[in-house]
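Trainee: I have a model to read and some questions about it. Can we go through them one by one?

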Amino acid sequence: MRRYSPRTVQAYARWVLAYIRFHDRRHPRALGPEHVRAYLTYLARVRCVAASTQNQALAALQFLYRDVLEQPLPSARGITPAKRPHVLPNVLSREDVRNVLAELRGTTRLMALLLYGSGLRLMECCQLRLKDVDLVRGELLVRRGKGGRDRVTMVPASMRIALEEQVRRVRRLHYRRVQAGGGFIELPGAFDRKSSHAMRSWSWCWLFPSQVEYLHEPSGQRRTHHVHATALQRAVSAAARRAGVAQRVGCHTFRHSFATHLLESGYDIRTVQELLGHRDVSTTMLYTHVLNKGGLGVRSPLDMDMR
């Protein structure tokens, strides 16, 4: 009802269940601020979770007491967000990016190329639809990105032919599924009621559809989902191991590398901010910390002429 993203809903539900189990399945109404503090302390000291993970658990419990049970937690001492450390983004060199991409094949390679070439987040890439790809203008329209905001980013010119072939492949697959009685696609919000024919329109197809359909039990329709995010995550991790890259490489590493390499090439930070979809330029400025430019781009005394 509050329009939270499905991933936020799932995360909050998991934390609430874990909190109840931690306190021997007692009802949350019978638990107070001291029990919340005990659970958060357990996460930090016993589970050794990151500050961001502890803060997510706190947000879930605050939502539970404030909006579900209507018993807001008092601003008691100790129930405060954990201080997050200042962590620099993990950025690959251009050579390491090429080596990792060279180890990928098929759809996962195409998706990883978009992560790096367009600066997409993982789910933004998975949820691309055919109608959001404009190969004539060289643009990708990212719908409902982080924070529910749309933005436009680039299509790498070197990927245009591969994406054209991917679009043709998806359209052929969609027509075969429609002829077989399936081919239904999940639409956002209530759009399926506003335009019922859109559920089988090729323009709404996922750019990277799953290889198998699933049965939507309420409607009895055979629907197509996009490629699951974990499939790409596993493929990228395995490719990094085969490439012999020492750093920890995930899908988001490509986005960090995209931003850093653009700044290294001299592009304006405001332009990079728009491409990434950051609300505040201070978030984008994090990538300037890993550049050998600006006031911190000094030469080491060891490299100077010691005459």
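Trainee: Which residue does aspartate 132 meet in a salt bridge?

Mentor: This is a predicted model, in which local features need pLDDT of at least 70, side-chain atom pairs count only at pLDDT 80 or more, and totals for chains, interfaces and linings use all residues. Residues are numbered from 1 along each chain as its sequence is written, and side-chain values use heavy atoms, with hydrogens and water left out. A salt bridge needs a side-chain nitrogen of Lys or Arg within 4 Å of a carboxyl oxygen of Asp or Glu. At 3.3 Å, N to O, the partner of aspartate 132 is arginine 143.

Trainee: How many residues apart in sequence are the parts that this pair ties together?

Mentor: Helices (H or I, at least four residues) and strands (E, at least two) are DSSP runs, numbered from the N terminus. Aspartate 132 lies in the loop between helix H6 (122-126) and strand S1 (133-134). Arginine 143 lies in the loop between strand S2 (139-142) and strand S3 (151-154), so the pair ties together parts whose separation is eleven residues.

Trainee: Is aspartate 132 buried or exposed?

Mentor: Buried means under 20% relative accessible area, exposed over 50%, and partly exposed in between (1.4 Å probe, protein chains only). Arginine 143, at 43%, counts as partly exposed. Aspartate 132 has a relative accessible area of 5%, so this residue is buried.

Trainee: Where does glutamate 103 lie, the partner of arginine 242?

Mentor: The side chains of arginine 242 and glutamate 103 meet in a salt bridge at 3.3 Å, N to O. The pair links distant parts of the chain, 139 residues apart. Arginine 242 is in helix H9 (residues 229-243), and glutamate 103 is in the loop between helix H4 (94-102) and H5.

Trainee: What is the distance from arginine 177 to the nearest side chain of opposite charge?

Mentor: Arginine 177 sits in helix H7. For charge, Lys and Arg count as positive and Asp and Glu as negative; His and the chain ends are not counted. Arginine 177 is buried yet has no salt bridge. The nearest side chain of opposite charge is glutamate 213, at 4.4 Å.

Trainee: Why do the buried residues of H7 line one face of the helix?

Mentor: The buried residues are Leu163, Gln166, Val167, Val170, Leu173, His174 and Arg177. The arc is taken from the directions from the helix axis to the C-beta atoms. Seen down the axis of H7, the buried residues line one face because they fall within an arc of 135°.

Trainee: What should helix H7 span, at 1.5 Å a residue?

Mentor: The expected span is 1.5 Å times one less than the number of residues. H7 has 20 residues (160-179), and its end C-alpha atoms are 29 Å apart.

Trainee: Which residues touch the most other members of the largest nonpolar core?

Mentor: A nonpolar core is a set of buried Ala, Val, Leu, Ile, Met, Phe, Trp, Tyr and Cys residues joined through side-chain atoms within 4.5 Å. The largest core has 56 residues. The residues asked for are Leu114, Leu120, Leu163, Leu207, Phe208 and Phe254.

Trainee: Which helices are included in what covers the buried residues of H3?

Mentor: Among the buried residues of H3 are Ala51, Leu58 and Phe63. Contact here means heavy atoms within 4.5 Å. The cover includes helix H1 (6-22) and helix H2 (33-45).
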